[in-house]
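Look over the sequence and the structure below before reading on. The notes after them are grouped by topic.

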Amino acid sequence: MSKDVFDVVCSDDAHHQFDNTPKGFSSFLKAIAQGSLVVMEATGYYHYRLAQYLFKHGVVVSVVNPLSVKRFIQMKLAKVKTDKSDAKAICEYALVNEVPLYSALTDVQAECLQLFRLLDSYLKKRTATKNKLHGEETLGIPSKFVHQSLKRDLKHLDKEVKALEERLLLLVKQDQQHQLTLLKGIPGLGTKTALFLIVITDG
């Protein structure tokens, strides 16, 4: 799976390539035999749309850990790495291993995962901004303009983090209020950790 295309190798070794677009998904769906198992690597954002599309059209899908496939390739001592060879390796891996079956995410789950990804990005940025601010203060603030800019950036990040956390809490309460109450009842387990556990494990 890549940003623009995805390569497919079938169990009969035939190789095909499709656009990573709704039109490409439709062409792929028409090309596969009924009862096929489609196996793909988890590749950040790129595999998600195809996996969801196929699942919703009744195709059995498996999303496998890229590390497992990488180890499988290393065991075979394969040295040439192309999109076609990767697709072939995934096919071979699926033929000799029991692969986990994929379940489509609900709209709430999908939004929660998006919120967590963005929240993680903002939290890292906020930590970096705090460190820069501390560095400027250690220097004795030679540039008040820089110091004020960093403070504004930090204030904005605080506001965005709060908004994301509130949205996340709202969605989880709608979907998994009982689980949230149970988890928060565990001593030492905060709301953020409880939300994370619920989203990652689907309750």
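Among contacts in the protein chain (heavy atoms within 4.5 Å) between residues at least 6 apart in sequence, 56% join residues at least 24 apart. This is a predicted model, in which local features need pLDDT of at least 70, side-chain atom pairs count only at pLDDT 80 or more, and totals for chains, interfaces and linings use all residues. Residues are numbered from 1 along each chain as its sequence is written, and side-chain values use heavy atoms, with hydrogens and water left out.

**Helices and strands**
- The protein chain contains seven helices and four strands; helices (H or I, at least four residues) and strands (E, at least two) are DSSP runs, numbered from the N terminus.
- Along the sequence their pattern is β-β-α-β-α-β-α-α-α-α-α.

**Domains**
- The protein chain is split into domain 1 (5-96) and domain 2 (107-201), with bounds from an automatic or database domain assignment.
- Between the C-alpha centres of domain 1 and domain 2 there are 34 Å.

**Overall dimensions**
- The radius of gyration of the protein chain is 22 Å, whereas a compact globule of 203 residues would have one near 17 Å; the radius is taken over C-alpha atoms, and the globule rule is 2.2 Å times the number of residues to the power 0.38.
- Along the principal axes, the C-alpha atoms of the protein chain fill a box of roughly 70 × 45 × 35 Å.

**Burial**
- Of the 203 residues in the protein chain, 31% are buried, meaning under 20% relative accessible area (1.4 Å probe, protein chains only).

Methods:
Buried means under 20% relative accessible area, exposed over 50%, partly exposed in between (1.4 Å probe, protein chains only).
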